[in-house]
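Here's a quick briefing to read alongside the model. Have the viewer open and follow along.

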Amino acid sequence: MLLTATVGSFPKPDYLVKARNLFSRKKISEEELKELERKATQDVISLQEEIGLDILVHGEMERGDMVTFFAERLEGFGISGPVRSYSNRYYKKPIAKGKIKRTSPSALEMFQYAQGLTEKPIKGMLTGPYTMCDWSFNEYFQTRRDLVLNLAEVVHQEALDLDKAGAKYIQIDEPAISTRPDELDLAIEAMKIVTDGLKAKTISHICYGDFTTIYPKILDLPVNQLDLEFANSDFTNLEIFKDPTFTKEIAVGVVDVHSHIIEKKEKVKENIRKALEIFPLEKVYIDPDCGLKTRTPEEAEAKLRVMVSAVKEVKEEMGLR
Amino acid sequence: MLKTTVVGNYPKITEDKSAPNLRSALNKFNQCKISEEELEKAYEQTIRRVIKEQEEAGVDLITDGQIRWDDPVTPFARNIDGLEIGGLIRFFDNNVYYRRPIVKSKLAFKDYSTVEEFKFLKQNSTKKVKAVMVGPFTFAKLSKDEYHNEIDKLTLDLAEILKKEAKKLEEVGADFIQIDEPSLCFSPEKIDLVSRAIKIVTEGLKAKTFLYLYFGGIRNLIPKLFDFQVDGIGIDMVSKPENLNLILESSFNKELILGCLDARNTKLQDEEELLNLFDRVTQKFSPERIYISPSCGLEFLPHQTALMKLKTMVQVVNEFNRSGRD
């Protein structure tokens, strides 16, 4: 009960940022880069174990952008020049140029490596087909639906790999899902393809959105758990989920990943208690709002410590172990 | 003769290693490795490049590419008392973010936002130039109002402030002023309010004024949209293809900016399709009243594709004009 987790990404250590730079300029080999990615992954795993999280992530040390990482490994995608997302941040956007096919697994290798380092469950991390489509250019498919459904098949194969490899949790992120409420049916249809026949518990993370436009319809998304942000809006969006009743498991984001400020433990505890007034205890997980990669390593660690300690105290106060 | 224009923003960086690199200059400035003067130089070099690229492509009415802007509201929000700059939030249905202004107290004009940069554009261009500003309603919709909590009041207050900006832009030589109101497409029930607000901004201006509506449809805005106090209206023909028929079936009698090239997808338009579209439009409206443009600002595209779209646009328009199809 009240298991703690993180959403997916961790900040990359400086040596890895440098190595990725060197690799992109062909100054170091792929094997050299991978060696450092594995080292950074080990550190992320040890840190999570030491902090006392219940469900771990591998930290996404091998990934840049969550969509581009997969697109680069799929046939049918090209990659554009840099496009600005905000202030001075740029990303390379995938371009769908033909039918999308998978030639080899993308997420499996790092999952297996990370799971081999710990007894605790590691979440298998995937990007959902709707978000893959929404964050790509499309030069080939007649409709967005065609592209989304093609991607759903590909992401399903990725999910099957992780399932077979023993992942207890598979998370399929769909942060773009709240962008166009009129396409929610399509996103649901695609997720049905992705999660079909999986034994693992499935999770979907959704963020940056106006939940009022997608609730309660989003409860039809075929996953066991929704992972949503709350801290970022100071829990004012909690009200939305009061009525009708939330029927899935929920991971409640209790620390803001876009703020340098480390939350006060008392505040986090108060927010957890607030969440427990709306969601039944046995269905609640606690995590940060979103991936931690935009924070410094120190900030990420400090936020997680506050979070874990707050959960521990709330549990004690409730007489839970 | 059909003319060409752009909607506003333009990619700030290129993949050409010899071009001024604003991204790296900003990084260095943030790490205190270069001075403000050096950053300023990078801005000016970049804006000159953007002006030159539009001119060389042959665009008739250009902008400065909004190179100094992080997003369409912050440059204005910064210069208004009573507003704070808030956190990042998604800009419409794009995978792009803007900083949400938060209304904390009564708003008051503090300083001009775009006047200096407009002067720079004017001085450094040989073509006609256009000033662009966020519209009062879109500004209000993109903000979080902790003070009025009333969209009408906020919109009208912002209109009064933007009016000062428009007036000053005209004083320093703006002959064309474009006001962007994408939010109107998604709140058609507010059309009377927006009409009133735009009237406040444009009242008494001698400059030619345009209202641009990107990302959305105009179905529910007709016919009132055509009575707005502006000289022309810009319409996104890509996000909502039905906009073409809606405008063709109307009795619109002002100038038109037709956003025909998809500025949110790298796919290039088929030239024949564009020519057909120009044909249909010019059968109904005099080509002298029409500008062809991308569907919205070009910054959603990587630089090379953006430039290619501009070149394609001008080339097809020239071909159309030469062929005398009109």
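How many helices and strands are there in chain A? Chain A has nine helices and ten strands, while the secondary structure of chain B comes to eleven helices and twelve strands. Keep in mind that this is a predicted model.

**Overall build of chain A**
- The radius of gyration of chain A is 19 Å, close to the 20 Å that the globule rule gives for 321 residues, so chain A is as compact as a globular protein of that length.
- Along the principal axes, the C-alpha atoms of chain A fill a box of roughly 55 × 45 × 40 Å.
- Of its 321 residues, 46% count as buried.
- If you take the contacts in chain A between residues at least 6 apart in sequence, 75% of them join residues at least 24 apart.

**Overall build of chain B**
- For the 326 residues of chain B the globule rule gives 20 Å, and the radius of gyration is close to that at 19 Å, so this chain too is as compact as a globular protein of its length.
- Its C-alpha box, again along the principal axes, is roughly 55 × 50 × 35 Å.
- Buried residues make up 48% of the 326 in chain B.
- Among contacts in chain B with a separation of 6 or more, 73% come from residues 24 or more positions apart.

**The sheet in chain B**
- Seven strands of chain B form an open sheet with parallel pairing, in the order β1-β12-β11-β10-β9-β8-β6.
- β1 (3–4) and β6 (131–134) of chain B stand at the edges with a single partner strand each, so one side of each has no neighbour in the sheet.
- Inside the sheet, β11 (residues 255–261) and β12 (residues 290–294) of chain B run parallel and are joined by five bridges; G259(B) stands opposite S293(B) in β12(B).
- Helix α6 (residues 151–171) of chain B lies across β6 and β8 (176–180) of chain B, running at about 175° to β6(B).

**Helix α6 of chain A**
- This helix (residues 144–164 of chain A) has 21 residues and reaches 30 Å from its first C-alpha to its last, close to the 30 Å expected.
- Its buried residues include L147(A), V148(A), L151(A), V155(A) and L162(A), but also N150(A), H156(A), E158(A) and D161(A).
- Just after α6(A), G166(A) takes a positive phi of about 95°.

**Where the chains meet**
- On the chain B side, 24 residues are in contact with 20 residues of chain A.
- The elements giving two or more residues to that side of chain B are α1 (22–30), β3 (80–90) and α11 (303–323), and β3(B) gives the most, with four residues.
- By class, this side of chain B has nine nonpolar, seven polar and eight charged residues.

**Backbone spots to check**
- A cis peptide bond joins D243(A) and P244(A), with omega about -5°; P244(A) lies in the loop between β8 (225–229) and β9 (249–253) of chain A.
- Another cis peptide bond joins I222(B) and P223(B), with omega about 10°, and P223(B) is in the loop between β9 (208–213) and β10 (232–236) of chain B.
- C32(B) isn't a glycine but has a positive phi of about 60°; it lies in the loop between α1 and α2 (36–57) of chain B and counts as exposed, with 7 C-beta neighbours inside 10 Å.
- Q66(B), also not a glycine, has a positive phi near 50°. Q66(B) sits in the loop between β2 (61–62) and α3 (74–77) of chain B and is buried, with 21 other C-beta atoms within 10 Å.

Note on methods:
Residues are numbered from 1 along each chain as its sequence is written. Chains are lettered from A and ligands numbered from 1 in the order in which they are written. This is a predicted model: local features need pLDDT of at least 70, side-chain atom pairs count only at pLDDT 80 or more; totals for chains, interfaces and linings use all residues. Two residues are in contact if their C-beta atoms, placed from the backbone, lie within 7 Å. Ala, Val, Leu, Ile, Met, Phe, Trp, Tyr, Cys and Pro count as nonpolar, Asp, Glu, Lys and Arg as charged, and the others, Gly among them, as polar. Two strands pair if DSSP finds at least two bridges between them. Axes are lines fitted to C-alpha atoms, for helices over the stretch in contact, and angles run from 0 to 180 degrees between N-to-C directions. The radius of gyration is taken over C-alpha atoms; the globule rule is 2.2 Å times the number of residues to the power 0.38. A residue is buried if 20 or more other C-beta atoms lie within 10 Å of its own, exposed if 12 or fewer, and partly exposed in between; C-beta atoms are placed from the backbone. The expected span of a helix is 1.5 Å times one less than its number of residues.
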